[in-house]
Amino acid sequence: LQTLCALIRGVHQKNKSTSGFDIINMLVGFDKAELCMKNLMESLDSLLCAEGSESLKSLCLKLLLCLVTVTDNISQNTILEYVMINSIFEAILQILSSPLSRREHGYDAVVLLALLVNYRKYESVNPYIVKLSIVDDEATLNGMGLVIAQALSEYNRQYKDKEEEHQTGFFSALTNMVGSMFIADADEKISVQTNEAILLALYEAVHLNRNFITVLAQSHPEMGLMTTPTSPIPTTPVTPLGTTPPSSDVISSAELPLDADVQTSNLLITFLKYSSIVMQDTKDEHRLHSGKLCLIILTCIAEDQYANAFLHDDNMNFRVNLHRMPMRHRKKAADKNLPCRPLVCAVLDLMVEFIVTHMMKEFPMDLYVRCIQIVHKLLCYQKKCRVRLHYTWRELWSALINLLKFLMSNETVLLAKHNIFTLALMVVNLFNMFITYGDTFLPTPSSYDELYYEIIRMHQNFDNLYSMVLRLSTNAGQWKEPASKVTHALVNIRAIINHFNPKIESYAAVNHISQLSEDQVLEVVRSNYDTLTLKLQDGLDQYERYSEQHKEAAFFKELVRSISINVRKNLAFNTLSQELLLKEFSTIS
């Protein structure tokens with residue numbers, strides 16, 4: 001097996017420009033290739049499924065990973081046709097369903113599966129896609145979920161350790177002394193390499209397999225309750241792009257204090273924490289890719305009826321400790337007093353956090369659009385099922401208004417690169433959604449009043465937006481069409497502002513008050529609803545469903561390419577010393 005790895009890799013390295021067919025001819029001879037590869041795949045399959053040496057299984061998986069990643073672009077690797085014809089899908093499932101083999105080989109098996117699913121994904125029928133989409137065995141799906149959760153929590157733990165090191169070290173003393181001048185630089189230093197390979201596996205599972213959605217909410221007693229090994233687990237300092245497997249299926253004891261109640265962690269919580277770390281810094285290309293993939297996964301979750309049911313379930317409450325970016329103008333949040341809430345609150349928190357922390361010149365437009373779409377999809381579910389969620393909606397409203405403010409104040413810079421009106425339209429329509437249907441899903445009548453209060457309080461921003469889009473929609477420029485859509489969308493917000501502002505001013509004049517309190521404004525709002533007329537807007541609760549092939553094919557091609565290069569770079573065949581191998585293998589019958 002080790003020789004085959006070296007051979008396959010060596011022949012590819014020396015013949016980079018050669019076609020896949022010539023390489024097959026060189027390795028096995030084209031006329032014998034079919035039989036030869038069939039025998040090889042059958043041998044690997046039986047070794048992986050047998051009750052045998054774990055080191056041998058490990059080498060079988062290494063050979064398969066080697067075979068899959070010899071070319072940068074996986075779809076140009078013709079030899080994989082034989083891996084398609086002679087499927088080892090069942091062997092991979094078997095590894096994932098048994099706790100022992102999962103602990104030893106789960107990581108490699110999951111990465112291998114994620115890569116195989118991406119072979120000629122759009123051109124031909126890939127048997128791994130078909131098979132993955134119909135798996136319904138609970139043990140297997142849970143096994144896969146556990147491997148992914150373990151890898152992500154390993155990352156979260158490494159990040160937390162680095163962060164703590166950071167806060168207690170000399171640097172933090174210096175930062176406190178000099179003030180927060182260095183906050184941005186200080187934060188740069190905390191980087192643990194992201195793990196796109198595992199994220200890709202999570203994406204494929206969520207996107208292809210409806211049954212996997214249930215795994216997201218499965219509590220993981222196994223992770224916290226299994227005894228931690230007596231020897232300390234060695235933490236790999238930096239594990240590039242998910243190629244070295246996390247130490248084992250046991251979360252080291254350092255992870256335990258993160259959650260007040262160990263038993264109530266699950267894959268979704270671990271993933272949300274991971275996303276909150278990765279999405280902080282999108283300047284680095286790997287993190288940008290990771291952040292985008294996290295948002296794509298959340299998009300698939302937000303569209304799924306079953307996922308929404310448990311996200312909004314009042315009987316499933318969790319404390320989710322998301323990472324917040326250190327920013328000069330806000331205090332570091334105390335994590336101790338986090339309330340227990342349905343999981344959808346954590347998803348919304350994550351979106352609000354992203355909106356607030358990425359308003360910068362290098363504006364991540366694509367990520368913002370995805371972020372607003374996720375919020376919209378969750379609201380559509382709440383409206384449809386009349387779920388009254390006790391959430392701090394005000395934080396979302398104020399984040400959205402600040403986003404509009406940012407788009408306006410950086411109009412010229414942003415318009416040079418982006419159509420900012422699509423984003424502005426989405427934000428305005430979120431407000432329209434609250435105005436039109438808020439009474440069906442906002443938690444209390446007073447939260448509907450608060451919505452009006454926020455719109456009236458921040459009316460200057462909506463007025464400015466209106467004059468900006470009016471200016472651009474009356475000019476015959478390239479922005480005429482998109483800007484006029486925003487003009488039409490603002491009709492109800494403007495009606496609210498124009499209806500209540502004079503009422504508030506006359507209330508102030510009559511009562512000789514220069515500055516009204518919030519309660520006084522709310523009183524005016526409540527007593528003047530009946531004379532307000534709004535237009536009914538169509539299609540606010542409709543959305544286009546996520547579609548990978550049409551929209552995201554280029555992104556996934558690039559992502560799989562970078563994962564493939566990384567897996568290849570970090571694939572260690574010499575993890576076991578020759579001496580041990582010979583000793584162990586001499587007894588294999």
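The model is predicted, so local features need pLDDT of at least 70 and side-chain atom pairs count only at pLDDT 80 or more, while totals for chains, interfaces and linings use all residues. Residues are numbered from 1 along each chain as its sequence is written, and side-chain values use heavy atoms, with hydrogens and water left out.

**Overall make-up**

- The protein contains 30 helices and two strands, these being DSSP runs numbered from the N terminus (helices: H or I, at least four residues; strands: E, at least two).
- Of the 589 residues, 54% are buried, where buried means under 20% relative accessible area, exposed over 50% and partly exposed in between (1.4 Å probe, protein chains only).
- Among contacts with a separation of 6 or more, 79% join residues 24 or more positions apart; a contact means heavy atoms within 4.5 Å.

**Packing of helix 9 and helix 12**

- Helix 9 (residues 138-168) packs with helix 12 (residues 196-208) at an angle of about 145 degrees, and their axes are 10 Å apart. Axes are lines fitted to C-alpha atoms over the stretch in contact, and angles run from 0 to 180 degrees between N-to-C directions.
- The crossing of these two helices is left-handed, that is, the near helix is turned anticlockwise from the far one by less than a right angle.
- Helix 9 contributes Met144, Ile148, Ala151 and Leu152 to the contact, and helix 12 contributes Ile198, Ala201, Leu202 and Ala205.
- These residues divide into eight nonpolar, no polar and no charged; Ala, Val, Leu, Ile, Met, Phe, Trp, Tyr, Cys and Pro count as nonpolar, Asp, Glu, Lys and Arg as charged, and the others, Gly among them, as polar.

**Asn77**

- Leaving aside residues up to four places away in sequence, Asn77 touches His12, Leu67, Val68, Val70, Thr71 and Tyr119.
- The side chain of Asn77 reaches the backbone oxygen of Leu67 at 2.8 Å.
- Asn77 and Arg120 are 43 residues apart in sequence, with a C-alpha to C-alpha distance of 9.5 Å.

**Lys377**

- Not counting residues up to four places away in sequence, Lys377 touches Thr299, Ala302, Glu303, Tyr543, Glu544 and Tyr546.

Conventions
Polar contact = N/O pair within 3.5 Å; in protein donor to acceptor, adjacent residues only side chain to side chain.
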